Amino acid sequence: MKANEIKDMTVVELNSKLAELKQELFNLRFQHAVNQLENPKRLQAVKKDIARVKTFIRKQESNVQ
């Protein structure tokens, strides 16, 4: 996920995307625990995407206040 894609989203869309990413991270961790994870780098990418989305949510909330 690129930062340009995130910039255009509203806070509501960002929150829903965050929930999707957290669910995906849970699924990846579960796959990793049972040794069925095909792409281990995806874990790292999802964590970075979560951090990126949280940063933009925080940035938009601080701009509103």
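## Close-up views: legends

View A. The model is predicted, so local features need pLDDT of at least 70 and side-chain atom pairs count only at pLDDT 80 or more, whereas totals for chains, interfaces and linings use all residues. Residues are numbered from 1 along each chain as its sequence is written, and side-chain values use heavy atoms, with hydrogens and water left out. The side chain of Arg 42 forms a salt bridge with that of Glu 24, at 2.8 Å from N to O; the term denotes a side-chain nitrogen of Lys or Arg within 4 Å of a carboxyl oxygen of Asp or Glu. This pair joins distant parts of the chain, with Arg 42 in helix H3 and Glu 24 in helix H2, 18 residues apart. Helices are DSSP runs (H or I, at least four residues), numbered from the N terminus. Glu 24 is likewise partly exposed, because its relative accessible area is 27%.

**View B. The packing of helix H2 against helix H3.** Helix H2 spans residues 11–33 and helix H3 spans residues 41–64; their axes lie 9 Å apart and form an angle of about 160°. H2 is therefore roughly antiparallel to H3, the label for angles over 145 degrees. Each axis is a line fitted to C-alpha atoms over the stretch in contact, and angles run from 0 to 180 degrees between N-to-C directions. The crossing of H2 past H3 is left-handed, that is, the near helix is turned anticlockwise from the far one by less than a right angle.

**View C. Residues at the contact of H2 with H3.** Contact here means heavy atoms within 4.5 Å. The residues of this contact comprise 12 nonpolar, three polar and eight charged; Ala, Val, Leu, Ile, Met, Phe, Trp, Tyr, Cys and Pro count as nonpolar, Asp, Glu, Lys and Arg as charged, and the others, Gly among them, as polar.

View D. Arg 52 and Asp 49 are three residues apart in helix H3 and so are separated by about one helical turn. Arg 52 counts as partly exposed because its relative accessibility is 29%, whereas Asp 49 counts as buried because its value is 6%. Leaving aside residues up to four places away in sequence, Asp 49 touches Met 1, Leu 21 and Arg 42.

**View E. The salt bridge of Glu 20 with Lys 17.** The closest N and O atoms of this salt bridge are 3.8 Å apart. Both Glu 20 and Lys 17 belong to helix H2, at a spacing of three residues, about one turn of the helix. Glu 20 is partly exposed because its relative accessibility is 48%. Lys 17 also counts as partly exposed, because its relative accessible area is 22%.

View F. Asn 35 lies in the loop between H2 and H3 and has a positive phi of about 55°, although Asn 35 is not a glycine. Most residues other than glycine have a negative phi. Asn 35 counts as exposed because its relative accessibility is 73%. Glu 38 is also placed in the loop between H2 and H3 and is exposed, because its relative accessibility is 80%.

**View G. C-alpha separations along the chain.** Asn 35 and Gln 60 are 25 residues apart in sequence, with 39 Å between their C-alpha atoms. For Glu 38 and Gln 60, 22 residues apart along the chain, the C-alpha separation is 35 Å. Ser 62 is located in helix H3 and is partly exposed, because its relative accessibility is 46%. Ser 62 and Leu 43 are 19 residues apart in sequence and 29 Å apart in space, C-alpha to C-alpha.

How values were computed. Helices (H or I, at least four residues) and strands (E, at least two) are DSSP runs, numbered from the N terminus. Angles under 35 degrees count as roughly parallel, over 145 as roughly antiparallel, 65 to 115 as roughly perpendicular and the rest as oblique. Buried means under 20% relative accessible area, exposed over 50%, partly exposed in between (1.4 Å probe, protein chains only).
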